[in-house]
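I put down what I looked up, in the order in which I looked.

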Amino acid sequence: IIFSVFSPPSPFLHFSSASPALPLSFSVPTKQLERILWLPEMGLKKFAVGLVLQLDEGGLPANILLVTSRKYHDEWILPKGTVEEGETFEQAALREVEEEAGVRCRIVRMLQEFSYKHGYIGQAFLMTCVEELPQSQWLEGSVRRREWVPIREALHRLRLHTYMNALVRGHCSV
C-alpha cells in the first residue's frame, strides 16, 4: 500500500522522496497497517466498509445492502465507519453494518485495502446477512434507511462515491 503526504510523517515508517519539494511516498506492510489506529502527526485514521450481498438461487450476487447517509438523507452509501480503539478492521466492519443498517452479518473475506480521502486508510469486507433487525431495534434506525438494491441500481446510486462504486464494480458481476 502506498500513501503520499505533504507533511513530515511518523519516523517508524519507511519513506523515500526524490526532492523535498515533492510529496513523500511510503509503504506500510499489511501486518503493520493492522496495528495502526491513528497517527496524529500524519492524520491517518482507520475505517472499515461492509459490502453485504444477497445471493440469487444460483449463488450469484443479486442485491447489495445500501443505507442512506446520516448527513445527506437522500444519498445512498455502503455501511462504513471509523475503527475504534482496540478494534480490528473486521470487528469495526461488523459493528458499522449493524449500527448503520440494522443487519447482523458474517464476513466471507476481506476484499481490499485502500486509502480514502486525505488521511484515511481502510479495509473493505464481503459479507452475507445473518439477521435483519426491525428498524426500531437498530441504533441508527431513526436517522437512516436501508435497502437491498440490484447491483446495477447500486452502481447508479453510488456514482458520486468513486471508491464505493469501484468496490462494487470490482467484486460483483454486472
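Which residues is Glu132 in contact with, leaving aside its neighbours within four places in sequence? I found Gln54, Gly102, Val103, Arg146 and Trp148, where contact means heavy atoms within 4.5 Å.

Before going on I noted that this is a predicted model, in which local features need pLDDT of at least 70 and side-chain atom pairs count only at pLDDT 80 or more, while totals for chains, interfaces and linings use all residues. Residues are numbered from 1 along each chain as its sequence is written, and side-chain values use heavy atoms, with hydrogens and water left out.

Entry on Glu132. I located Glu132 in strand 10 (residues 120–132); helices (H or I, at least four residues) and strands (E, at least two) are DSSP runs numbered from the N terminus.

Entry on strand 6. I found 6 of the 8 residues of strand 6 (residues 61–68) buried, so this strand is largely enclosed by the rest of the structure. For the pairing I used the rule that two strands pair if DSSP finds at least two bridges between them. Strand 6 runs antiparallel to strand 5, with 3 bridges, and the two form a hairpin with 5 residues between them, where Gly59 in the turn has a positive phi of about 85°. Strand 6 is also antiparallel to strand 11 (residues 146–150), with 5 bridges, and to strand 7 (residues 76–77), with 2 bridges. Asn63 is the bridge partner of Gln54 and also of Pro150 in strand 11, whereas Val67 stands opposite Ile77 in strand 7.

Entry on the core. The largest nonpolar core has 38 residues, and among those with the most contacts inside it are Val49, Ile64 and Leu78; such a core is a set of buried Ala, Val, Leu, Ile, Met, Phe, Trp, Tyr and Cys residues joined through side-chain atoms within 4.5 Å. Strand 5 (residues 44–55) gives the most to this core, with 6 residues.

Entry on rings. I counted rings of Phe, Tyr and Trp (its six-membered ring) as paired if their centres lie within 6.5 Å, with planes under 30 degrees apart stacked, over 60 edge-to-face and the rest tilted, and by this rule the count comes to 2 aromatic pairs. Phe47 and Phe114 are edge-to-face, at 5.7 Å centre to centre and 75° between the planes. Both Phe47 and Phe114 are buried. For Phe47 and Tyr120 the centres are 6.1 Å apart and the planes at 80°, so this pair is edge-to-face.

Terms used:
Buried < 20%, exposed > 50% of the residue type's maximum accessible area, 1.4 Å probe, protein only.
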